[in-house]
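Reader: I would like to learn how to read the contacts, sheets and helices of a model with several chains. Could you take me through the features one at a time, giving the general idea and then the case at hand?

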Amino acid sequence: MATPPTTPILMPQVGENLAAGTVLEWHVQVGDPVTRGQVVLSVESEKAVFEVQAEADGVLTEILVPAGEEGAVLEPVAYLRGQVDTVPTPAPAARTAAPRPPVTQAPVAQAPVTQAPSAPAQAAATGRPLASPAARRRARELGLDLSRVAGSGAGGRIVVRDIAAAASPGTAPADRVVPFSRLRRHIAARTSLSSHTIPHLYLFADVDMTAALALAEGAGPDVGVTDLLIASLARALRQFPRLNGHVEDDRLTIKGAVNVGVTACAPDGVLLPVVADAGGKTLAQIAAARRQNAAAARRGAISLRARGTITLADLSDCDVYRVLPLINPPECAVLGAGAIQERVVSRQREPAIRDIMSLGLGCDHRAVDAEYGARFLDCLKTLLEQPPAAGAGGASHA
Amino acid sequence: MLPKALLTRMYRTLYTIRAFETSSIQLYRRGLIRGYLHPYAGEEAIAVGVCAALGEDDYIVSTHRGHGHCIARGGRLPEMMAEIMGREPGYCRGRGGSMHISDIDTGNLGANGVVGAGIPLGVGAALGAHIRGEDRVAAVFFSDGASNNGVFAESLNLAAIWNLPVLFVLENNQYAVSTPIEQSSRDTDLHHRGAAYGVESCAVDGNDVVEVYERAVEACARCRRGDGPVLVEAVTYRQGGHHVNDPGQYMPADRVAHYRERDPLVVGKRHLLEEGATEDEVAKLEAEVEAEMEAAIAFGEASPEPSVEAFVAELEAS
Amino acid sequence: MGAADRVILYREALNEALCNEMRRDPGVFIMGEGIAERGGSYKVTAGLLDEFGPQRVIDTPIAEASFTGMGVGAAITGMRPVVEILFVDFAMLVMDQVINQAAKYRFMTGGRGRVPLVLRTQGGVGDGLAAQHSQSLEALFYHTPGLKLVMPSTPGDAKGLLTSAIRDDDPVVCIEHKLLYLSEGEVPAGEYAIELGRADVKRSGGDVTVIAWSGMVPRCLAAAEHLAASGIEAEVVDPRSLVPLDRDTILASVRKTEHVVIVQEAVRRGGVASDIASIIQAEAFDYLDAPIEILAGRDTAIPYNKQLEQACIPQEADIVAAVRRAVYA
């Protein structure tokens, strides 16, 4: 059952510009029943005596201003508890006091007194740089970080001319030194080594991924095209094992297991966590391993238990379709996979739209020739375009 | 007839006012006085006659043409000169100037730049005295021009209904700036207005210091008896335009000449001679006044200008 | 200079406006102290008595409240009075008639009553006229709904604004400046009206917006020349009409220059400059490169002594200094 509403009895407006009235006499006591229209108290102002009537039925529950005392005009002097459904919700007491002025934010800088020199501005208490509104707007438009701009205005305030100086094409923008992190230094060393010591040979093929996409789809939500690519890569390498090796000046060591290093984003660079023995894993296992690796990489730490034997530069989530990746020494090869794009191709000399992925194979020309690499790519392409039944193997080509 | 000593004093004051106004005009022309200067020349008998009838504790309020009243009320010439030259030792520290010159200590509530505005101020002073039960009269000087302003009618009525000790001195010099009285009042006997409010009223020859004085004495006695305010219309004429830069070309030559013949100094001197003073005595008196005037002017010229820095500091401290 | 422009005095320009409008409209008549025979204390109404006669060129006794009130009554009943109050300081005697009557009559009558009254007066510091003859009191009229307010700074503006004020069907207060009556400027001959509520850029510049009206305008222009020699180009914006105020012109200038100095002869507290500053702050906040500088009269009555008097209102040097502060120069 609803609680009966409480109605205030208000001190009436007792005269223009009068702020208070005095309760002369209460005609009822706490606990008395009251009917609508009943005179419950008399109030007095400088000018006259007024009778105040109850606006609803109810019981007087509380007297706030006893007889002889003053109450502010239009403020409660007592409360009634009314019957349910008979008492209208009271309107909030109108305030007769002048509205409080809105709180203004204290300006950060002291405004100068007429004809007096301006006081030096204090640095903002929040630590934000001191800047004029116009300067802030200009900085926003230019995408400039105010904390990098020196202020020449009063008290070090950043003003428009400072923004103009910071952004002006005529003057050289300030240099910013970003030291290499450990990972960056590692990447720098490795890529330099690769670029300087390995004669790279590049071959490209465009693969129709229609069947592969369907297969990945059918393999469940955890399996992606990249996993399929890894699996197919491992299979293809069984037939072209020279590409799964480590190269030195005078020899190639063909590795037994296929350990695919897959590029994964780390906080400050790229890592190459390895999916070990990709040839011995099912698609689901490959997918799980790759996911774990990616998570570890995002944390900035990966397991280095298995040494990679080939690297997959996976750019499938960008819209880049071709890449010339660098071989990760001492590996013999690197495969770059671009995004799957809808392209217009020729099928039986008719135009068709297919989902195409471009593959770029980089080979160490010391160990591998173009023809070998091309046939490998062909094989990989066939595996992807016509996926064999699970478990089927193929003769290896020495 | 009045005692010679009184007549001598009054003539001396007449002469002093005339000398002061003449000097002021010269100083103005020399650039030492700027702004507005409204010479009282030609009207001296009114201020002198009324102020001679007042007691030490009485009040006066005057008009924009206020040098005469200030002098007649005992204003010191050096401080007056310094004031109208805008110097720090002036009565108002150089801040009031000619139109706002005052000397509160002698009950001179001041000249006023707003026509008629002084009238209620004077009546208010009388009210205060009345409430305090003090025996003071407020002599309120105002012009015929002011008598057409609403504030005059209201003040007259209030003084009447509250029985205040006010001597309303209407200095009718017959012009409100350049507007002749005939154009601004249908009944040019302005003292008739007093009767409409139940105020005892009369007219006097404003150029005859004795007539003014005698009427003023009667009026003050009446006020002090508690019989209410009195309106005295003193008819006079300016010797010159409204202010120092107004040549008064609208004033007809014959009237100017008529009132020159009745110059208050001429009339005042005649009274003095009739009471037994000699031409030599008069000449001696005049020479003394002139010497005083010289000294006052020298004082004024030598007085320092107020300091701008001190003024600004004062403003910023308040 | 237009073909019909010629150089005349500010007071002559006002005279032309009055004369043209009185010829054009027999309902226009003028009232004030000493305006007929004498042609006015500042000679603004010279010659009008001869052409239009004493019924339309009326010398009044010193009874400001009543003759202003009569102007209101005449305006309500079909005339177009131009009432002169000799000094804005004396306008204090007519405030009931102007603020409670003229300004409110149209509203209180639900729009059926109109008061096409012009109240002409003058203010500002002159040469030693002291406390009761030197004030700048435009804020009192600015603050009153139902009044329009113009303050011409040049002879051309004086003629154009007074003409429009007389033609306006609502009460307009026109405050002239006592030191400008003898100033010269180009004024078109014949009828010339400037629409109320249109500001005038008196000088273009890209570095700072200087807003000023009436007697401060020439001072700001002089300061601008001085500043130009230092490579600071000031844009001097003269609102001309304070009510209605041309916000668009002011704000466009502020957005262009991003620095603002407002120069006002009147006392700062409760003055028009502060209101304009608050409008700029609200509408062009992101375009302010510096706090808005306000130069205004000091918080005092105007003293008689000359040095003190001049220390009480903005001078050219003060304006130059304020601009330098605003542009961080």
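Author: Let us start with the term on which the interfaces rest: two residues are in contact if their C-beta atoms, placed from the backbone, lie within 7 Å. Please keep in mind throughout that this is a predicted model. With that cut-off, 16 residues of chain A are in contact with 16 residues of chain C.

Reader: Which helix gives the most to the side of chain A that touches chain C, and how do the residues of that side divide by class?

Author: The leading contributor is helix α1 of chain A, residues 133-142, which gives four residues to the side facing chain C. By class, that side of chain A holds nine nonpolar residues, six polar ones and one that is charged.

Reader: How many residues of chain C are in contact with chain B, and which elements supply them?

Author: The size of an interface is often given as the accessible area lost when the parts come together. Here the description is by residue contacts, and 28 residues of chain C are in contact with 32 residues of chain B. On the chain C side, α3 (64-76) and α10 (306-311) each supply at least two residues, and the largest share, four residues, comes from α10(C). That side of chain C divides into twelve nonpolar, eight polar and eight charged residues.

Reader: Before we leave chain C, what does its secondary structure come to, and what percentage of its residues are buried?

Author: Chain C has eleven helices and 14 strands, and buried residues make up 61% of its 329 residues. Among its contacts between residues at least 6 apart in sequence, 79% join residues at least 24 apart.

Reader: Which residues of helix α4 of chain C are buried, and what covers them?

Author: An α-helix has 3.6 residues a turn, so residues three or four places apart point the same way. In α4 of chain C, residues 95-108, the buried residues are C:Q97, C:V98, C:Q101, C:A102, C:A103 and C:Y105. Their cover includes α3 and β5 (118-123) of chain C. Just after α4(C), C:G110 takes a positive phi of about 65°.

Reader: Where in chain C does a residue other than glycine take a positive phi?

Author: One case is C:K43, whose phi is near 65°, in the loop between β2 (28-32) and α2 (48-52) of chain C. C:K43 counts as partly exposed because it has 17 C-beta neighbours inside 10 Å. Another is C:Y328, with phi near 60°, in the segment after α11 (316-326) of chain C; with 19 C-beta neighbours inside 10 Å, C:Y328 also counts as partly exposed.

Reader: How should I read the packing of α1 and α12 in chain B?

Author: Two packed helices are described by the angle between their axes and the distance between the axes. For α1 (residues 4-29) and α12 (residues 279-302) of chain B the angle is about 40° and the axes are 10 Å apart, so the two helices are oblique to each other. Their crossing is right-handed. The contact is made by residues including B:Y15, B:A19 and B:F20 of α1(B) and B:V289, B:M293 and B:I297 of α12(B), and its residues divide into seven nonpolar, two polar and three charged.

Reader: Turning to chain A, in what order do the strands of its four-stranded sheet lie, and why is one side of β1 and β3 left without a neighbour?

Author: The order in this open sheet is β1-β8-β6-β3, with antiparallel pairing. Strands β1 (6-10) and β3 (33-34) of chain A stand at the edges, each with a single partner strand, so one side of each has no neighbour in the sheet. Within the sheet, β6 (residues 58-63) and β8 (residues 76-81) of chain A pair over four bridges, and A:L60 stands opposite A:L80 in β8(A).

Reader: What is the pairing in the sheet of six strands in chain A, and which helix packs on that sheet?

Author: The pairing is mixed, in the order β9-β18-β17-β16-β12-β15, and the edge strands are β9 (200-208) and β15 (274-275) of chain A. Four bridges join the parallel strands β16 (residues 310-314) and β17 (residues 333-347) of chain A. Helix α5 (residues 225-239) of chain A packs on the sheet, and its direction makes about 150° with that of β16(A). In the loop between β16 and β17 of chain A lies A:P330, which a cis peptide bond joins to A:P329.

Key. Residues are numbered from 1 along each chain as its sequence is written. Chains are lettered from A and ligands numbered from 1 in the order in which they are written. This is a predicted model: local features need pLDDT of at least 70, side-chain atom pairs count only at pLDDT 80 or more; totals for chains, interfaces and linings use all residues. Ala, Val, Leu, Ile, Met, Phe, Trp, Tyr, Cys and Pro count as nonpolar, Asp, Glu, Lys and Arg as charged, and the others, Gly among them, as polar. A residue is buried if 20 or more other C-beta atoms lie within 10 Å of its own, exposed if 12 or fewer, and partly exposed in between; C-beta atoms are placed from the backbone. Two strands pair if DSSP finds at least two bridges between them. Axes are lines fitted to C-alpha atoms, for helices over the stretch in contact, and angles run from 0 to 180 degrees between N-to-C directions. Angles under 35 degrees count as roughly parallel, over 145 as roughly antiparallel, 65 to 115 as roughly perpendicular and the rest as oblique. A crossing is left-handed if the near helix is turned anticlockwise from the far one by less than a right angle, and right-handed if clockwise.
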